[in-house]
Amino acid sequence: MDRYTVISADCHAGADLLDYREYLDPAYRDEFDSWAATYVNPFADLADEEAERNWDSDRRNADLDTEGIAGEVLYPNTIPPFFPSSSLAATPPESARELELRWAGLRAHNRWLADFCSLSPERRAGVGQVMLQDLDEAVAEIAQIAKLGLRGGVLLPGIPPGAAIPQLYAEHWEPLWAACSEAGVVVNHHGGNAGPSPLDGWGSSFAVWVYETHWFAHRALWHLIFSGALDRHPDLTVVLTEQGAGWIPATLDSLDVAAARYGRVGSAIARFAGPTAGSLSLKPSEYWARQCYVGASFMRPVECAERHDIGVDRIMWGSDYPHLEGTGSFTREALRYTFSEVPTEEVAAMLGGNAAAVYGFDLGALKPLTDRIGPTVAEVAEPLREVPAGASSTVFEPDPIRTW
């Protein structure tokens, strides 16, 4: 192997707002026109000329060629119809009509995404969207996501504490897990949308949100384990993306201890286990090894050092294109920074092999592209001695293992 096939397990895309119109059901188009005429985008990066990276197929492929990225998993980024902000960050709908309109917007996004992926089908795996405020609608849309060929699977929304709908551990969601398992779609849980809103007016609120947001996303792992969802559906695949990777070993150890205590007949804590947590057929770490993966966005050396405890076969690197905290135009340097001292076979798995298996990328179809743009094994093996000027990605922030 001379070059790595790099597949980013965390990229973002979406249509320019008005381009969603043709993907809406006709009954909603007039209302969309009225809504869009007065809508003001709250995100500066979606209002400048660089926003075209979300929807300009040729520009996007050219950027990824420069970075050496052959394939990408596409999460949402722009504003779907009838949403106040991006779907990852939007507050819950406040009325039945608002819920109906947002459903129309998400369906439009899923249709647009299928068309966008079809422009470079070997390179793109789109992640479809659902909302959880109507379980029946969510189950129906999962079948549609599979029908559209969005092989990235489905984005599982976060449920903040105190929400009006049940938490993910509730038996209420069993039809959702069954639908995903039956349709064979990957369940993706992206960081940033499972915690309480930071917009409470206090100056430190956003800093606290940034610190806590990953932990709230992590909760999906133990919710799905202790609810028995992974036990009942052994073919269900779950990916936790853009929420770090170094937390996983200690969390799995902690979950294994908790599960053992829940399952110990006669122990004081076993009476709190409920109907499933005390009778799991596997240890939580074994569910992880069987069914779970981490979308390790802009993976840092300190996280890579934990790779054997996480599972080299569980890690899928991500660039987070086109976000500022991602590796951006310094992807090749970021790969050297993190992976220069890692064996070639392990690098190949984390940079692309694992993602190809999870999301159904055809490595044979990507080979001509890899031969043209892929970073060479020798290039990645060359240690990075200095942070390049202009590099803003969090991957280059100092850590306990490496300083400049």
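**View 1. A negative surface patch takes in Asp 16, Asp 19, Glu 22 and Asp 115.** The model is predicted: local features need pLDDT of at least 70, side-chain atom pairs count only at pLDDT 80 or more, and totals for chains, interfaces and linings use all residues. Residues are numbered from 1 along each chain as its sequence is written, and side-chain values use heavy atoms, with hydrogens and water left out. Patch members have over 30% relative accessible area and no salt bridge; like charges are joined within 9 Å, and nonpolar side chains (Val, Leu, Ile, Met, Phe, Trp, Tyr) within 5 Å. Asp and Glu count as negative, Lys and Arg as positive; His and the chain ends are not counted. Each charge is placed at NZ of Lys, CZ of Arg, CG of Asp or CD of Glu. Accessible areas come from the Shrake-Rupley method with a 1.4 Å probe, and for residues only the protein chains shown count as cover. Glu 22 sits in the loop between strand E1 (7-13) and helix H1 (29-38). Helices (H or I, at least four residues) and strands (E, at least two) are DSSP runs, numbered from the N terminus. Glu 22 is exposed, at 59% relative accessibility. Here buried means under 20% relative accessible area, exposed over 50%, and partly exposed in between (1.4 Å probe, protein chains only).

**View 2. Strand E1 pairs with strand E2 (residues 71-76) in the parallel sense.** Five bridges join E1 and E2. Two strands pair if DSSP finds at least two bridges between them. Ala 13 has Pro 76 of E2 as its bridge partner. Seven of the seven residues of E1 are buried, so the rest of the structure largely encloses this strand.

**View 3. Strand E7 (residues 292-297) has buried residues on both faces.** In a regular strand the side chains alternate between the two faces of the sheet. On one side of E7 lie Cys 292, Val 294 and Ala 296; on the other lie Tyr 293, Gly 295 and Ser 297, and all are buried. With six of its six residues buried, E7 is largely enclosed by the rest of the structure. E6 and E7 run parallel, paired over four bridges. Thr 241 stands opposite Gly 295 of E7. E7 and E8 are also parallel, joined by four bridges. Ser 297 has Gly 318 in E8 as its bridge partner.

**View 4. Phe 82 and Glu 242 have positive phi values.** Most residues other than glycine have a negative phi, and most peptide bonds are trans. Phe 82 has a phi of about 70°. Phe 82 lies in the loop between E2 and helix H3 (96-118). Phe 82 is buried, at 8% relative accessible area. Glu 242 has a phi of about 50°. Its loop runs between strand E6 (238-241) and helix H8 (248-262). Glu 242 is buried too, at 11% relative accessibility.

**View 5. A cis peptide bond leads from Tyr 321 to Pro 322.** Omega is near 5°. Pro 322 belongs to the loop between strand E8 (315-318) and helix H13 (331-339).

**View 6. Arg 123 and Asp 65 form a salt bridge.** A salt bridge needs a side-chain nitrogen of Lys or Arg within 4 Å of a carboxyl oxygen of Asp or Glu. The N to O distance for this pair is 2.9 Å. Arg 123 lies in the loop between H3 and strand E3 (124-129), and Asp 65 in helix H2 (residues 57-67), so the bridge ties together parts that are 58 residues apart in sequence. Arg 123 is buried at 5% relative accessible area. Asp 65 is buried at 17%. The whole structure holds 20 salt bridges.

View 7. Glu 98 is partly exposed, at 24% relative accessibility. Arg 102 is buried, at 2%.

**View 8. Glu 174 and Arg 232 meet in a salt bridge.** The N to O distance is 2.8 Å. Glu 174 is in helix H5 (residues 174-183) and Arg 232 in helix H7 (residues 229-232), so the pair links parts 58 residues apart in sequence. Glu 174 is partly exposed at 25% relative accessibility. Arg 232 is partly exposed at 40%.
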